[in-house]
Amino acid sequence: MDHPTGTHHRTGDDHVRASDQDRDHTVQRLADALTDGALDPAEHDRRLHHALTATTHGDLAPLTADLPVSPTARDRAEKARRAAKAEADRRACNNEWGYWAGGAVIMTAIWAVASLRAGEWTRFWPAVPLGIWAAILISYAIWPSDD
């Protein structure tokens with residue numbers, strides 16, 4: 001196959017068959033290069049045709065070998081990283097409140113058993129540790145850390 005970018009240095013994977021995911025990755029890189037102005041529409045179309053009909057990694061590699069790092073791809077990756085971090089932070093927050101609720105159930109059960117043994121409702125001591133714990137969780141929500 002005549003590759004649009006000239007010669008290509010062969011690697012051990014060049015003869016491995018390309019998957020649909022490999023072709024899709026190359027197509028995305030070509031689209032980013034078109035968006036960024038690194039390829040003109042005619043060159044993009046030519047390389048796109050080669051990418052869609054490629055059968056091996058050796059057929060795909062030369063199609064993007066001469067392309068610069070894409071600002072569009074970098075921005076998309078950064079946006080995905082921020083979204084993943086926000087989702088992880090949300091899950092962590094929900095988990096922390098779940099731990100708080102579990103602690104509240106356990107401490108309330110201990111207080112209730114102790115009160116029943118004493119024959120009267122004693123001071124609700126779990127309010128102090130639960131209040132402190134909740135204040136800490138609320139402070140994390142108001143002033144999140146950057147790590």
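Leaving aside its neighbours within four places in sequence, which residues is Thr64 in contact with? The structure examined here is a predicted model, in which local features need pLDDT of at least 70 and side-chain atom pairs count only at pLDDT 80 or more, while totals for chains, interfaces and linings use all residues. Residues are numbered from 1 along each chain as its sequence is written, and side-chain values use heavy atoms, with hydrogens and water left out.

Thr64 has its place in helix H3, where helices (H or I, at least four residues) and strands (E, at least two) are DSSP runs numbered from the N terminus. Thr64 is buried, with a relative accessible area of 10%; buried means under 20% relative accessible area, exposed over 50%, and partly exposed in between (1.4 Å probe, protein chains only). With those neighbours set aside, Thr64 is in contact with Thr26, Arg29 and Leu30, contact being heavy atoms within 4.5 Å.

Gly58, Asp59, Leu60, Pro62, Leu63 and Thr64 are buried in H3. Because six of the eight residues of H3 are buried, this helix is largely enclosed by the rest of the structure. Its buried residues pack against H1 and helix H2 (41-53).

How do H1 and H2 sit beside each other? Their packing angle is about 175°, with the axes 10 Å apart; axes are lines fitted to C-alpha atoms, for helices over the stretch in contact, and angles run from 0 to 180 degrees between N-to-C directions. H1 and H2 are therefore roughly antiparallel to each other (angles under 35 degrees count as roughly parallel, over 145 as roughly antiparallel, 65 to 115 as roughly perpendicular and the rest as oblique). On the H1 side the contact is made by Arg23, Thr26, Val27, Leu30, Ala31 and Leu34, and on the H2 side by Pro41, His44, Arg47, Leu48, Ala51 and Leu52. His44, in helix H2, is buried, with a relative accessible area of 10%. Not counting residues up to four places away in sequence, His44 touches Leu30, Ala31, Leu34 and Leu39.

Glu96, Trp97, Tyr99, Trp100, Gly103, Ala104 and Met107 in H4 meet Pro129, Leu130, Trp133, Ala134, Leu137 and Ile138 in H5. Within H4, the buried residues are Gly103, Ala104, Met107, Trp111 and Ser115, and H5 is included in what covers them. Val128 lies in helix H5 and counts as partly exposed at 48% relative accessibility.
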